[in-house]
Amino acid sequence: MSGLKLFRYLAWAAVAVLAVVSGALVYQQTAGNNNSGGLIEPLAAIGGPFELVSGSGETVTDETFAGKPLVLFFGFTYCPDVCPTTLAELQGWLEALGEDAGKLNYAFVTVDPERDTPDVMRDYVWAFDERIMPLTGSREQIDAMIKAYRVYAKKVPLDDGDYTMDHSAAVYLMDADNKFVGTIAYGEAEENALSKLQRLIKNAPATS
């Protein structure tokens with residue numbers, strides 16, 4: 001088996017594991033805890049503090065998003081299909097949510113900070129929707145967040161000497177305390193995605 005194929009098998013294995021975890025969470029969310037009417041208890045193993053740089057060059061931490069749930073996606077600007085597709089879908093979800101869209105935070109975090117500088121990230125992400133915060137940082141900062149959020153990301157060399165990135169494709173859903181509560185799978189039906197976002201909004205603390 002070639003190295004490239006092995007990397008891709010590992011990537012899809014990681015995505016499958018995350019999908020299984022998410023599926024179990026969704027099952028608990030719908031079949032259990034009927035009295036809560038809301039999201040499941042957070043899964044503490046995914047998530048944590050972070051410090052990154054926005055597309056405007058400002059320092060952004062997990063505290064920046066405090067008080068609102070966060071819709072979070074990891075990818076890179078050279079991504080040929082998954083990332084632009086997901087960003088386009090996210091923009092559509094924002095439109096469908098209407099005024100409720102403002103009750104959530106949104107961020108796109110690069111797994112390729114060497115190429116994805118703040119300016120590159122800003123131009124790429126805001127071409128879809130300026131409500132989505134583009135985030136990058138040093139290699140060390142990105143690696144720390146990848147580890148904390150259990151993201152799969154792997155540099156894959158190409159024959160021409162360039163490289164691409166294999167990475168997890170799910171959208172992460174974090175509550176207002178930055179605790180992981182579920183995912184939206186890549187290619188998931190819009191109706192399901194909107195239902196999860198609306199549930200995230202419903203269970204967010206009231207803001208003044």
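Modeller: We shall go from the overall fold to helices, cysteines and single residues. This is a predicted model, in which local features need pLDDT of at least 70 and side-chain atom pairs count only at pLDDT 80 or more, while totals for chains, interfaces and linings use all residues. Residues are numbered from 1 along each chain as its sequence is written, and side-chain values use heavy atoms, with hydrogens and water left out.

Colleague: How many helices and strands does the protein have?

Modeller: Helices (H or I, at least four residues) and strands (E, at least two) are DSSP runs, numbered from the N terminus. Here there are five helices and nine strands. Read from the N terminus, their order is α-β-β-β-α-β-α-β-α-β-β-β-β-α.

Colleague: What share of the residues of the protein count as buried?

Modeller: A residue is buried under 20% relative accessible area, exposed over 50%, and partly exposed in between (1.4 Å probe, protein chains only). Of the 208 residues of this protein, 46% count as buried. The accessible surface, from the Shrake-Rupley method with a 1.4 Å probe and, for residues, with only the protein chains shown as cover, comes to about 10400 Å². Carbon and sulfur atoms account for 53% of that surface.

Colleague: What do the contacts in the protein say about residues apart in sequence?

Modeller: Contact means heavy atoms within 4.5 Å. Among contacts between residues at least 6 apart in sequence, 72% join residues at least 24 apart.

Colleague: Which residues of helix H5 are buried?

Modeller: First, the general idea. An α-helix has 3.6 residues a turn, so residues three or four places apart point the same way. In H5, the buried residues are Ala-193, Leu-194, Lys-196, Leu-197, Leu-200 and Ile-201. They lie on the same side of H5 because they cover an arc of only 160 degrees around the axis, the arc being that of the directions from the helix axis to the C-beta atoms. Glu-191 and Lys-202 are exposed, on the face of H5 turned away from its buried side.

Colleague: What span does H5 reach from its first C-alpha to its last?

Modeller: The expected span of a helix is 1.5 Å times one less than its number of residues. H5, residues 190-202, has 13 residues and reaches 18 Å, close to the 18 Å expected.

Colleague: Which residues of helix H3 are buried, and what covers them?

Modeller: In H3 (residues 118-126), Met-121, Tyr-124 and Val-125 are buried. Their arc around the axis is only 90 degrees, which puts them on the same side of H3. Their cover includes helix H2 (82-97), strand S4 (105-110) and strand S5 (133-136). Val-125 has 0% relative accessibility. Not counting residues up to four places away in sequence, Val-125 touches Phe-108, Ile-132 and Pro-134. Val-125 and Gly-55 are 70 residues apart in sequence, yet 8.8 Å apart in space, C-alpha to C-alpha.

Colleague: Thr-86 is found in helix H2. Is Thr-86 buried or exposed?

Modeller: Thr-86 counts as buried, because its relative accessibility is 4%. Leaving aside neighbours within four places in sequence, Thr-86 is in contact with Phe-73, Val-171 and Tyr-186.

Colleague: How many disulfides are there?

Modeller: A disulfide is a pair of cysteine sulfur atoms within 2.5 Å. By this rule the count is zero. Cys-79 is in no disulfide, and the nearest cysteine sulfur, that of Cys-83, is 3.0 Å away. This distance is too far for a bond. Cys-79 is buried at 8% relative accessibility, and Cys-83 is buried at 0%.

Colleague: Where is Asn-178 placed, and which polar contact joins Asn-178 to another side chain?

Modeller: A polar contact is a pair of N or O atoms within 3.5 Å; within protein, one must be able to donate a hydrogen and the other to accept it, and residues adjacent in sequence count only if both atoms are side-chain atoms. Asn-178 sits in the loop between strand S8 (171-174) and strand S9 (180-184), and is buried, with a relative accessible area of 13%. A polar contact of 3.0 Å joins the side chains of Asn-178 and Tyr-149. The side chain of Asn-178 also reaches the backbone oxygen of Gly-48 at 3.1 Å. Asn-178 and Gly-48 are 130 residues apart in sequence and 7.1 Å apart in space, C-alpha to C-alpha.
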